[in-house]
Amino acid sequence: MVSGLINENPIIYPKKERRLRTDSSNTDEFTPEPIDQLEIFDHIRDIKDPEHPNTLEDLRVVTEDSVELDDDNSYVRVTFTPTVEHCSMATIIGLCVRVKLLRSLPARYKIDIRVAPGTHATEDAVNKQLNDKERVAAALENPNLVEMVDECLLPSDE
Amino acid sequence: MDLMEKNLELVEIQKLEGHTDRVWSVAWNPVSSHADGVSPILASCSGDNTVRIWEQSSLSRSWTCKTVLEETHTRTVRSCAWSPSGELLATASFDGTTGIWKNYGSEFECVATLEGHENEVKSVSWNASGSYLATCSRDKSVWIWEGLEGNEYDCAAVLSEHTQDVKMVQWHPTMDVLFSCSYDDTIKVWWSQGDDGEFECVQTLGESNNGHSSTVWAISFNAAGDKMVTCSDDRTLKIWGTDIARMQSGEEYVPWTHLCTLSGYHDRTIYSAHWSRDDIIASGAGDDAIRLFVDSKDDSVDGPSYNLLLKKNKAHDNDVNCVQWSRSEGDQLLASASDDGMVKIWQVATKP
């Protein structure tokens, strides 16, 4: 059977134990909870890779350290590492991360997505597309693309 | 009047709510203002696929939504432009079409739909006389349309020299010279020789001409038409100039040159820049702020320089996509459109 996958044999890393979140000491219901790196990572770790039945965390496409955060300034940057250098799924993966964060974070957040430097043959082109919000908006009006993204964002039954 | 010496602020006059998705653009009707005895009219277009027409009541001075242009475009309406006579409104949509709407007083009717672009239409612009319309698209092309009798439009040219998505087209305020800016980081100038000439690209302003290093989002001319400002994803504003007298008198094209770059003022992509009739440049950026700049009048040998007049933080709750000064003299009204779904009307005023 010819599967035609970009990456036939991705490396699947052992799952990292999930740290329990300690109870917040903030009992004031009016003060917004500060958002931290782990929370943002929690939003994206289970995104499914478009080609394989594995999560972005499994394939080390994203790690906790790939999230750079400045909650005071409502800024986050996620750097993801495609599994292969010529991965044509890179833009889809980046789009999935952006959509998940757009749906999960407060509207005040500015989100930058980029490919880890040196890990993709056309990283500048991919980064430019992922950070052009007009292009992203138009892409998300394409039902086929939205269906693909929603598939990746569906929680898997564990 | 030296603006820098006055203590000025940008005062929010009103917040216009109604759109159910981000607002991409606003456009002031050129012939309506209190001075004309006609109520000022503003059009806004949105990701909710509609265009809203807002009018200011001369009695109560408050703005209300007069009408909603809907059920025509099937996707985001990205930009809109009034014809110079104020009778027509052109709307550019991600659905690949450009709508032409006629203003019948209390209602608008879509009298023509221009088709041809292969995908999303990003911008539309009328020339000074209203005889030409230009559109541009992610299909990398710029189209020029000619208006004929009976709401017919003919495609006069398809210009395909940009190598990427074209973000905006803007006709020169006094001459039939067309400017376009793109995801390919350049600004292109299109000119036709004489009356029968074909439009062709006579100049490309790119990195080698001190141009932008990333997507150029917008172009705006000063009233005289001898300067223009461009804004970019590279977080700078650039001022360009030409010898307009030479260009208007002669038969030949006079190139534009870079005059000045305003960098270090913006932390995120600048989506819009607009040059007012009284020489204030407004910018709208991805950091939710609106900034105003003025010529420092330093008369340096190196050319003009500009100063930040004021910065309005949190002008909106999200990215500012468009800023447009009203055309009326003395009013100094500014309209802004944002990802927060709002349109806001502002006034420049002296601090009490």
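**Figure 1. Polar contacts across the interface of chain A and chain B.** In this predicted model, 20 residue pairs, both members at pLDDT 80 or more, are in polar contact across the interface of chain A and chain B. A polar contact is a pair of N or O atoms within 3.5 Å; within protein, one must be able to donate a hydrogen and the other to accept it, and residues adjacent in sequence count only if both atoms are side-chain atoms. On the side of chain A that touches chain B, at least two residues each are supplied by strand 3 (110–115), helix 3 (123–130) and helix 4 (133–139) of chain A. Helix 4 of chain A gives the largest share, five residues. Helices (H or I, at least four residues) and strands (E, at least two) are DSSP runs, numbered from the N terminus. By class, this side of chain A comprises eight charged, six nonpolar and one polar residue. Ala, Val, Leu, Ile, Met, Phe, Trp, Tyr, Cys and Pro count as nonpolar, Asp, Glu, Lys and Arg as charged, and the others, Gly among them, as polar.

Figure 2. Twelve salt bridges link chain A and chain B, each a side-chain nitrogen of Lys or Arg within 4 Å of a carboxyl oxygen of Asp or Glu. One of them joins B:Lys122 to A:Glu134, with the closest N and O atoms 2.7 Å apart. The contact (heavy atoms within 4.5 Å) takes 25 residues from chain B and 15 residues from chain A. The two chains bury about 1,600 Å² between them, 39% of it on carbon and sulfur atoms; buried area is the accessible area (1.4 Å probe) that two parts lose on being put together, summed over both.

**Figure 3. Two antiparallel strand pairings in chain B.** Strand 11 (residues 132–137) and strand 12 (residues 142–147) of chain B pair in the antiparallel sense over five bridges, where pairing requires that DSSP finds at least two bridges between the strands. B:Tyr132 stands opposite B:Glu146 in strand 12 of chain B. Four residues lie between these strands, and in this hairpin B:Lys140 takes a positive phi near 80°. Strand 12 of chain B also pairs with strand 13 (residues 153–159) of chain B, antiparallel over six bridges. Here B:Trp145 stands opposite B:Cys155.

**Notes.** Residues are numbered from 1 along each chain as its sequence is written, and chains are lettered from A and ligands numbered from 1 in the order in which they are written. Local features need pLDDT of at least 70, side-chain atom pairs count only at pLDDT 80 or more, and totals for chains, interfaces and linings use all residues, while side-chain values use heavy atoms, with hydrogens and water left out.
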